[in-house]
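Hi everyone, thanks for coming. I'd like to walk you through some aromatic rings today. Let me put the sequence and structure up.

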Amino acid sequence: MSSLGYDEALLKKFKNWVKDDSLEIIGPEEVRKVFEYKIDSTNDKPLKLPMIVLRRLSPITINNISKRPLTFNGHVYKANKDKGEQLNGIPITLRYQLDIYTRYLDENDEYVRNFIFNLINFPKVNIEIPYNNANITHNSHITLDADIEDNSDIPERLVQGQFTRRTISFSIDQAYMFDYKVRDVIKIEDVDVDITLKADIIEKDKLKDDEKRN
């Protein structure tokens, strides 16, 4: 698991924030598909506004490129009688931009203001690790970029005519690329038996040596 879980978690989080039924929020996996569908079905007519588009930017930054205990010995480890669950992790940084499209400037201001307050006050992002029904939750946090970009003057084929577009950029710095494994647990009692047998052998050898000396 790398970035898809974070995309879905962010999209769910943002949709919970928005109570306006007329506002459409499009996630990274839907952007191209939805835009292409709307262009085909509307013959390049303007898209319905307001609209918010969440995009994941390139590249994904690997924050640790050397072997460490975290990468091969487990970020999380749980064991029962027979099996051990090991979750290895490589820390990465994911970058996103949130494009807010509206018809008018004052409407855009309102959406931007609400998102900025929510991103600053509620930055936690929770993802569920999906492997083997592990039910492991990982928490990370949004780091907001200081600048809000007004790019309304950029002509776009997808949205023609008068519109306002502002972009909020942010990153998730505590993200991880995960690798989940299940391993057999070594039973301690087998080791105890082996140690006991070796002790008995040593004691018998000692008795034989004593008998020979006598």
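Okay, let's start with a charge and a ring: the charged end of Lys 67 sits over the ring of Phe 72, and the distance to the ring centre is 4.5 Å. Keep in mind that this is a predicted model.

Now, rings with rings. When we talk about a pair of aromatic rings, we describe it by how far apart the centres are and by the angle of the planes. How many aromatic pairs are there here? The count comes to 6. Take Phe 14 and Phe 115: their centres are 5.6 Å apart, with 85 degrees between the planes, and that makes the pair edge-to-face.

Phe 14 has another partner, Phe 170. Here the ring centres are 6.1 Å apart and the planes are at 85 degrees, so this pair is edge-to-face. Phe 170 lies in strand S8, residues 164-184, while Phe 14 is in helix H1, so the pair ties together parts that are 156 residues apart in sequence. Phe 14 and Phe 170 are both buried.

Let's zoom out to finish. Phe 14, Phe 115 and Phe 170 belong to one aromatic cluster, together with Trp 17 and Tyr 96.

Methods: Residues are numbered from 1 along each chain as its sequence is written. This is a predicted model: local features need pLDDT of at least 70, side-chain atom pairs count only at pLDDT 80 or more; totals for chains, interfaces and linings use all residues. Side-chain values use heavy atoms; hydrogens and water are left out. Rings of Phe, Tyr and Trp (its six-membered ring) pair if their centres lie within 6.5 Å; planes under 30 degrees apart count as stacked, over 60 as edge-to-face and the rest as tilted. Helices (H or I, at least four residues) and strands (E, at least two) are DSSP runs, numbered from the N terminus. Buried means under 20% relative accessible area, exposed over 50%, partly exposed in between (1.4 Å probe, protein chains only). A charge sits over a ring if NZ of Lys or CZ of Arg is within 6 Å of the ring centre and within 35 degrees of the ring normal.
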